[in-house]
Amino acid sequence: MIKNNMEIIALPANSDNYIWIIRSKKNNNAWIVDPGESHRVIAYFQKHKLVLAGILLTHHHYDHTDGIAEIVKQLGKAPVISNAHGPYKLVTQHVNEGDIIIVAQEEFKIIAIPGHSHEHIAFYNPKALFCGDVLFTAGCGKSWCQSAKVMAQSLLKLRDLNDDCSVFCGHEYTYTNINFAAIAEPDDEDIKQRQKIVKFNTKKGIPCVPEKLGIEKKTNPFLRFDSGELKQTLLNKHKLFENFSLGDNANLYATLRAWKDSIDKTGVLEDNVK
Ligand SMILES: [Zn+2]
């Protein structure tokens with residue numbers, strides 16, 4: 001897909017990860033986002049005679065970083081850019097909230113979005129958002145080590161960004177996510193429509209990532225838990241999940257998360273894909 005000065009290519013990795021390649025349209029430079037493995041990346045660079053300009057890391061998890069050592073060894077040294085407060089040792093250029101970096105002649109702003117991991121960041125340009133495992137298409141990542149409040153704040157921070165920007169997330173979970181969205185908001189026409197498209201594409205093996213943030217705002221329950229019918233549903237439902245009290249965004253988010261987790265375990269969200 002083409003984004004003015006840059007072209008963004010998906011390389012599927014592991015079972016459901018995406019490694020993103022950002023190619024400059026002006027020269028042979030290319031950046032890699034979250035390389036969880038090396039072979040396909042190196043083959044792609046060699047095939048297209050690309051020069052490694054840098055590696056962007058949203059967070060330190062192995063399925064986003066395992067390819068780095070071999071990539072740098074094979075393709076040559078380049079800056080490895082990530083949060084100054086992360087644990088990953090191969091990072092060479094540390095960034096913080098609000099910093100601007102230039103990638104393929106485009107400015108990207110660093111946005112801190114802790115929750116899935118404490119140092120998680122997003123790389124944001126009005127045309128493209130690389131958000132790792134915090135926001136997924138039609139869903140969101142798990143908050144492994146931090147409170148529901150922190151994760152809820154990060155999701156709502158992303159919701160403030162430009163509708164027109166494309167969401168490039170770290171995994172392809174759109175099908176199960178939109179099936180949950182249809183359970184969470186069964187009367188929503190936008191969700192029904194998106195569910196049809198996602199089901200069709202998934203059956204054909206067509207990626208459902210990226211998606212426009214504007215579509216996410218309309219159909220992703222994890223960007224909608226604080227308003228409308230979904231909020232009322234969650235207020236009614238919170239009693240099913242112990243330890244949550246009524247009221248703020250953190251509890252609404254936590255109730256939604258617990259609800260999805262309970263349905264995930266049953267496997268029904270994966271039905272009918274084959
Ligand atoms: Zn992760």
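This is a predicted model: local features need pLDDT of at least 70, side-chain atom pairs count only at pLDDT 80 or more; totals for chains, interfaces and linings use all residues.
Local features are reported where pLDDT is at least 70, side-chain atom pairs count only at pLDDT 80 or more, and totals for chains, interfaces and linings use all residues. Residues are numbered from 1 along each chain as its sequence is written.

Helices (H or I, at least four residues) and strands (E, at least two) are DSSP runs, numbered from the N terminus. Strands of a sheet pair through backbone hydrogen bonds, either parallel or antiparallel; here two strands pair if DSSP finds at least two bridges between them. Six strands form an open sheet of mixed pairing, in the order β8-β9-β10-β11-β14-β15. Its edges are β8 (100-103) and β15 (211-212), each of which pairs on one side only.

Ile100 stands opposite Lys109 in β9, and Val103 stands opposite Glu106. Two residues lie between the strands of this hairpin, where Ala104 takes a positive phi near 50°.

Attention now turns to the helices. The axes of α1 (residues 39-47) and α3 (residues 68-75) come within 9 Å and cross at roughly 25°; axes are lines fitted to C-alpha atoms, for helices over the stretch in contact, and angles run from 0 to 180 degrees between N-to-C directions. The two helices are therefore roughly parallel to each other, a term for angles under 35 degrees. Val41, Ile42 and Phe45 of α1 make the contact with Ile71, Gln74 and Leu75 of α3, contact being defined by C-beta atoms, placed from the backbone, that lie within 7 Å.

Terms used
Angles under 35 degrees count as roughly parallel, over 145 as roughly antiparallel, 65 to 115 as roughly perpendicular and the rest as oblique. Two residues are in contact if their C-beta atoms, placed from the backbone, lie within 7 Å.
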